[in-house]
Amino acid sequence: MGPVLRVAGLHKSFGRGAARLEVLRGVDLEVDRGELVAVAGTSGSGKSTLLHILGGLLHPDAGRAILAGADVYAIPERARARLRALRVGFVFQMHHLLPEFTALENIMLPGLIAGLRESEARRRALELLEWMSLADRAGHQPGELSGGEQQRVAVSRALVNAPDVVLADEPSGNLDPSSSETLHELLLRLSRERQQAFVVATHSPGLAKRAQRTLVLKSGRLEPLAAVEEWL
Ligand SMILES: Nc1ncnc2c1ncn2[C@@H]1O[C@H](COP(=O)(O)OP(=O)(O)OP(=O)(O)O)[C@@H](O)[C@H]1O
Ligand SMILES: [Mg+2]
């Protein structure tokens, strides 16, 4: 089986004329099942831009993205929206959970939208809560959860449709060191034990050290990380 996600020759610029900013200048990346790829890079290096392109949210100026056998930017918008909903999970720095819904309902929701039966969405959500050691928080609303717990619910929500890849943009960016560590440990376990693929933009040297692969976005290209000390 080939990689779950493959991009080649990605270019992306913003602005025009003198204000033109070339953010990506030929990015290639392949991600396999069960692999967690950490993407490091200074602020403004283009990590979020890259994740948006990988997830079908932002057209590149050039290059291709292949996800689940589909050429993401060559298919009609409606097909791309479907691909995003079914094949990609997103986790952001801010959890974006719906405040009026419980943890369980927040996790079930993308499943219901994708057409899962309610019983199946509930079964998956409860299984994920168990994984996250949050079974006893199923009925809590986001406001009743700690920041670390909220992010674990957000990760569960991203996983409910069993996506080909989860794209996480600084998922531990707002967490204290101990909650960050717990979250990273969970992501790494999910990659190993559920063969889940992740691309994680991160400023965390701890995660970069333990990821299967760590790359650095530098001058618009992805490079292997020579040493974690490089960006400490
Ligand atoms: N829609 C946009 N219009 C114009 N410029 C943009 C746009 N989106 C991003 N940029 C610019 O592109 C560059 C890369 O931004 P991006 O958000 O991808 O960086 P990042 O690596 O995620 O940074 P951070 O670590 O701070 O999150 C930045 O200079 C940013 O200002
Ligand atoms: Mg960013």
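## Strand β7 and its neighbours

The strands here are DSSP runs of E with at least two residues, helices are runs of H or I with at least four, and both are numbered from the N terminus. β7 and β8 (residues 197-201) pair in the parallel sense over 5 bridges. Pairing requires that DSSP finds at least two bridges between two strands. β6 also runs parallel to β7, and 4 bridges join them. There, Val88 has Val165 of β7 as its bridge partner.

β7, helix α6 (residues 177-193) and β8 form a right-handed β-α-β unit. Right-handed means that, with the strands pointing away from the viewer, the path from the first strand over the helix to the second runs clockwise. β7 is mostly covered, with 5 of its 5 residues buried. Buried stands for under 20% relative accessible area, exposed for over 50%, and partly exposed for the range in between (1.4 Å probe, protein chains only). Val165, Leu167 and Asp169 point one way from β7. Val166 and Ala168 point the other way.

## Basis of the model

This is a predicted model, in which local features need pLDDT of at least 70, side-chain atom pairs count only at pLDDT 80 or more, and totals for chains, interfaces and linings use all residues. Residues are numbered from 1 along each chain as its sequence is written, chains are lettered from A and ligands numbered from 1 in the order in which they are written, and side-chain values use heavy atoms, with hydrogens and water left out.

## Overall fold

The chain has 7 helices and 10 strands. Its radius of gyration is 17 Å, close to the 17 Å that the globule rule gives for 232 residues, so the chain is as compact as a globular protein of that length. The radius is taken over C-alpha atoms, and the rule is 2.2 Å times the number of residues to the power 0.38. Along its principal axes, the C-alpha trace spans about 50 × 45 × 35 Å. Of the 232 residues, 50% count as buried.

## The enclosed cavity

Rolling a probe the size of a water molecule over the atoms shows where empty space is left. The search uses a 1 Å grid over the protein atoms alone. A cavity is a set of points where a 1.4 Å probe fits but cannot get out. A pocket is an open set with protein on both sides within 12 Å along at least five of seven lines. Lining residues have an atom within 4 Å of a point. Grid points are joined across faces, edges and corners, and a volume is the space filled by probe spheres set on the points.

Across the whole structure, the search finds 1 cavity of 30 Å³ or more. The largest cavity holds about 40 Å³ of space. Its lining consists of Leu51, His52, Phe90, Val91, Phe92, Leu167, Ala168 and Asp169. The elements giving two or more residues are α1 (47-54), β6 and β7 (165-169). β7 gives the most, with 3 residues. The lining divides into 6 nonpolar, 1 polar and 1 charged. In this scheme Ala, Val, Leu, Ile, Met, Phe, Trp, Tyr, Cys and Pro are nonpolar, Asp, Glu, Lys and Arg are charged, and the others, Gly among them, are polar.

## The largest pocket

The largest pocket has a volume of about 430 Å³. It is lined by 17 residues, and the closest to its centre are Ala85, Val88, Phe90, Pro110 and Arg157. Two or more lining residues come from each of α2 (77-87), β6 (88-91), α3 (103-113) and α5 (147-159). α2 gives the most, with 4 residues. The pocket lining divides into 11 nonpolar, 3 polar and 3 charged.

## Backbone and surface sites

Ala68 is not a glycine, yet its phi is positive, at about 50 degrees. Ala68 sits in the loop between β4 (62-67) and β5 (70-71). Its relative accessible area is 31%, so Ala68 is partly exposed. Ser133 also has a positive phi, near 55 degrees. Ser133 lies in the loop between α4 (118-131) and α5. At 56% relative accessibility, Ser133 is exposed.

Ser119 is in helix α4 and is partly exposed, at 48% relative accessibility. Its C-alpha atom is separated by 12 Å from that of Leu109, 10 residues apart along the chain. Pro99 is in the loop between β6 and α3 and is exposed, at 53%. The C-alpha atoms of Pro99 and Gly56, 43 residues apart along the chain, are separated by 26 Å.
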